Amino acid sequence: MIRRGTPPPPSPPETLRVVPPPLPSYGTPSSPSLPSWPLSGGPLRLGFNLPAPSLRTDSRPTNLMLLLLLTCLLHSWQCARVQSSYTIDTISLKILPSSTVQSGTPVTLRCQVRVSHDNIPHLTHTFQLRRDDIPIHTSTTTEDSLVYELNPARAADSGSYECRVAVKDKSRTSDSQKLDVTGLQTPILYLNKTSPYGSEEFTASCSAPEEKGSLIFRFFQKLRNGTIRKIKQPAPTGNSAETTLVLRVIGDSHLYCDYEVNLVSGVRLSNSSDEIPVIVRALYISPIMNVLPSPEVYEGDVIEVVCKVVNPPKNVEVFLTRDRRILKQAPVSLVHRFIAKEGDSGELVCKAEWGNVHKETYQTIKVKELFSKPQLTVEPVDIFEGELFQLTCSVSIYVPEKISNESMKFSIYKHHKEITSSDTYKAVAQPSENGNYTCKAHATSLTHNYIKESQKVVVKAKVPVSKPMLSVVGGTLVLGKHFQLLCHSDNGTLPITYTLLFPESQNKVAVVNKPGERAIFNSSAIYKTLVLNNFLCHAKNRQGRPPEVGLGQQLLHSHIIEPVSKPVLTTLPGAGDISEGQDVTLLCSVQRGSPPVSYTWYHTETKGALASQTSNNLEGSHSIGDVRAEQRGGYYCVSSNPANETKQSLTVTITVNMAGWKKGLVAFMIICILLILALILIVVFKRRLLLFKRRRTGELSVKSASTKAERLSLTQAEANDAANVTPGMIGKSVWSEHASGSESEDQSSVTAPEKPQEPRYTEVQPIQADPNRAPVKKGTETVYSEVRKSKQGAPEQADGTSLSQQQFGDPALCRSSQGSLEYAELNHDTHHSHSEDQGNHGDHHTVQEDYIDEIDDNVQIPIPDHGEGNPDPTPDC
């Protein structure tokens with residue numbers, strides 16, 4: 001006894017050791033875990049954790065069942081562990097004794113397979129033999145070979161054989177081996193009769209019991225003259241065929257048969273069977289037929305017909321038929337009597353039958369009438385209501401020898417009811433007289449009374465055509481377009497002929513034969529409504545009577561639509577009298593057109609319609625309020641109506657004039673601009689005049705100064721003398737130098753200038769601003785004093801003031817010289833600006849420019865040296 005919790009006893013030294021798994025607390029086994037399979041060979045050891053056996057006695061059966069279950073699982077896993085490995089090495093097929101044998105030779109097919117495997121017990125093989133890819137034998141065995149016998153081999157066994165072997169999920173096929181069985185068995189012919197009658201059926205069979213497959217048998221007849229013809233080829237049913245033959249040629253002949261086998265390699269034909277002689281005997285069972293008293297009789301006569309076979313064989317039957325209806329039947333011979341009636345004329349057939357042999361004899365009889373079948377005629381042929389019609393009953397043929405004319409009577413019936421016992425009937429056509437009429441003729445001969453009835457005649461009075469009505473198809477007529485007219489009569493028996501008379505055109509005809517048909521006529525376009533009065537419609541359904549006439553005035557009640565004319569666009573006010581801010585009305589009008597008329601206005605400068613309006617009047621309007629300048633341009637309108645024709649007006653160009661107040665403002669601005677221009681011109685003119693006066697004055701001053709250049713050259717002594725002079729005097733002398741001098745002196749100086757002594761030239765350079773010197777204001781310009789060096793290296797005042805004046809520091813003199821220079825510069829500037837205005841007149845030097853050149857060339861200012869060649873600093877003015 002093992003207690004719970006104690007280790008299990010040691011396992012015996014076996015290859016397979018089972019370790020039970022632990023059990024739950026309630027003692028039931030848990031599901032075992034999957035084993036781990038060793039990758040290498042050797043004994044298989046599986047580990048399971050089994051719980052220790054319980055001390056309770058009720059757990060023993062459970063443990064035993066668990067052990068059994070584990071044993072089965074171990075066995076299954078061991079089998080599963082052995083992954084069977086195999087391969088099909090070779091498959092060979094042999095045909096013994098050889099691949100070509102004679103028919104009837106036993107043939108053995110041996111299929112051998114070789115399979116390599118890892119000791120798989122009871123390995124099974126499934127063999128399948130195929131001939132021309134069709135299985136012929138299948139077998140499953142543990143043997144590695146299969147033997148199949150063809151004993152004996154026949155032609156149908158010929159073909160290509162293959163052996164296919166399947167081992168579990170693998171299969172393989174051997175090489176193909178061809179078997180050719182030569183020779184076919186000679187067929188055997190059997191006939192159940194060798195002396196048949198002509199056209200008698202007899203049984204023939206042809207067989208090849210030793211052959212296999214589906215054979216095609218053929219039966220031949222060889223006549224006495226050597227002609228051979230095939231008489232039968234039944235469908236293949238195996239190795240034998242049985243059929244029925246019928247020989248119609250009387251005399252001796254031979255019958256034989258053969259067969260053919262369809263193989264994959266081709267068709268093989270057997271030898272012919274033995275010939276069996278056959279004698280075809282003639283069978284004389286043609287019947288004889290007699291008609292008494294003659295084939296031509298009168299109705300009421302008795303006719304006797306005899307039909308028999310002379311020297312007949314046994315079991316001969318005779319039939320008398322007419323129109324495939326059997327009149328009488330009897331063995332060997334028969335007699336048939338009947339009274340000839342109308343309709344018994346025809347062909348009688350006497351037919352003798354023996355087995356499947358039939359012989360027939362024909363005889364035509366003619367039963368002549370004592371009087372013909374009555375005929376019922378009606379006059380006139382076309383009966384219209386209200387007209388008188390007549391029915392007449394008559395016969396065309398009768399035999400006066402057998403029937404007297406006095407014995408013949410007539411009667412007329414309506415719906416099988418007698419309406420008169422006369423041969424004529426008259427009445428006025430009306431619906432009550434319509435119906436089916438027949439007549440009967442009664443005649444009596446010496447032996448019989450005869451009654452004959454005529455064919456049925458249907459009397460139906462026709463309805464005269466009523467007055468036709470003209471209408472427009474669709475109910476709407478559009479002037480200017482093609483349209484269709486309908487001509488229709490409410491009453492009238494068909495067929496009705498309708499004729500439409502067009503104005504100034506060829507008439508058109510339409511015949512209505514069936515109910516539901518309509519007489520529709522195509523008409524060309526008309527442009528005036530009054531033309532409709534000229535249309536006429538004639539309706540007629542009987543000859544000899546005038547037609548009914550329908551007038552075109554009926555068309556005036558149709559819905560007639562007149563297309564709109566070309567619209568006219570006008571403006572209020574006129575197109576040229578429109579000013580900004582006004583209201584403009586666009587009027588679109590047409591002269592004619594059926595309402596309602598749709599009007600649409602467009603502006604050529606914008607996309608889309610401006611407005612649309614539908615009116616019953618011939619005019620529409622659209623208003624544009626507060627017209628602006630950008631609304632000028634072309635305008636047009638489009639009109640249409642239910643005629644679906646759109647017309648466009650001509651384009652009207654609208655000019656939007658400027659408003660009155662804008663015109664006044666523009667005029668005021670123009671006047672102001674003219675005044676301003678006039679003022680500018682006056683100012684410019686005055687300025688030019690002033691500049692001209694200044695230029696003249698400057699020219700005179702420059703000319704005077706240029707003639708007396710030596711006056712501006714001051715020697716050192718003159719400078720020293722001048723130092724003692726008062727500033728006022730100096731200034732006066734300087735100004736007098738520029739301002740004095742007569743006009744004659746100026747002119748003489750210009751024409752004949754004095755030649756001065758060789759002066760000392762002082763270089764005059766462009767004036768540059770000295771940052772260390774205070775600017776001197778001169779008008780609107782700033783003048784700087786600048787000391788320059790002469791050609792001899794002495795310093796020189798740039799503004800024209802003599803160095804002696806600066807050395808002595810006389811303010812008055814400085815001011816005086818400054819004034820002279822400023823005056824000269826003013827004249828120079830004025831002249832320079834004027835010369836720029838007139839720069840296009842040439843490159844001639846002005847007087848002032850000559851004056852400046854003379855100053856540059858003639859003025860000589862002695863410059864004292866104050867030591868070391870440096871001038872004395874310029875005194876403050």
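1. Let me start with a pair of cysteines: Cys-206 and Cys-257 are both buried (buried means under 20% relative accessible area, exposed over 50%, and partly exposed in between, with a 1.4 Å probe and protein chains only). A disulfide connects Cys-206 to Cys-257, with an S to S distance of 2.0 Å (a disulfide here is a pair of cysteine sulfur atoms within 2.5 Å). The link of Cys-206 and Cys-257 is right-handed, with 75 degrees about the S-S bond. Cys-206 belongs to strand β11 (residues 201-207) and Cys-257 to strand β15 (residues 251-263), so this pair ties together parts that are 51 residues apart in sequence. Strands are DSSP runs of E with at least two residues, and helices are runs of H or I with at least four residues; both are numbered from the N terminus.

2. A word on the basis of these remarks. This is a predicted model, in which local features need pLDDT of at least 70 and side-chain atom pairs count only at pLDDT 80 or more, while totals for chains, interfaces and linings use all residues. Residues are numbered from 1 along each chain as its sequence is written, and side-chain values use heavy atoms, with hydrogens and water left out.

3. How many disulfides does the distance rule give? The count comes to 6 disulfides.

4. Cys-487 and Cys-537 form a disulfide with their sulfur atoms 1.4 Å apart. The link of Cys-487 and Cys-537 is left-handed, with -80 degrees about the S-S bond. This pair links distant parts of the chain, with Cys-487 in strand β36 and Cys-537 in strand β40, 50 residues apart. The C-alpha atoms of Cys-487 and Cys-537 are separated by 6.4 Å. Cys-487 and Cys-537 are each buried.

5. Staying with Cys-487, its strand β36 covers residues 483-488. Is Cys-487 buried or exposed? Cys-487 has a relative accessible area of 1%, so the residue counts as buried. Leaving aside residues up to four places away in sequence, Cys-487 touches Pro-468, Met-469, Leu-470, Tyr-498, Ala-519, Phe-521 and Cys-537 (contact means heavy atoms within 4.5 Å).

6. The other disulfide joins Cys-588 and Cys-637, whose sulfur atoms are 2.1 Å apart. The link of Cys-588 and Cys-637 is right-handed, with 70 degrees about the S-S bond. Distant parts of the chain are linked by this pair too: Cys-588 lies in strand β45 (residues 584-589) and Cys-637 in strand β49 (residues 633-640), 49 residues apart. Both Cys-588 and Cys-637 are buried. For another cysteine, look at Cys-672, which is partly exposed with a relative accessible area of 29%.

7. Now to Arg-542, which sits in the loop between β40 (536-540) and β41 (548-551). Arg-542 has 18% relative accessibility, so this residue counts as buried. Which residue makes a polar contact of 3.0 Å with the side chain of Arg-542? The partner is Glu-387, through its own side chain. A polar contact is a pair of N or O atoms within 3.5 Å; within protein, one must be able to donate a hydrogen and the other to accept it, and residues adjacent in sequence count only if both atoms are side-chain atoms. Not counting residues up to four places away in sequence, Arg-542 touches Phe-384, Glu-387 and Pro-464.

8. The antiparallel strands β11 and β14 are joined by 7 bridges, and Ser-205 stands opposite Glu-242 in β14.

9. Finally, an open sheet of 5 strands runs in the order β19-β25-β24-β21-β22, with mixed pairing. Its edge strands, β19 (296-298) and β22 (325-331), each pair on one side only. Strand β24 (residues 346-354) runs antiparallel to β25 (residues 357-368), and 9 bridges join them. Trp-354 has Val-357 in β25 as its bridge partner.

Terms used. Pairing = 2+ DSSP bridges.
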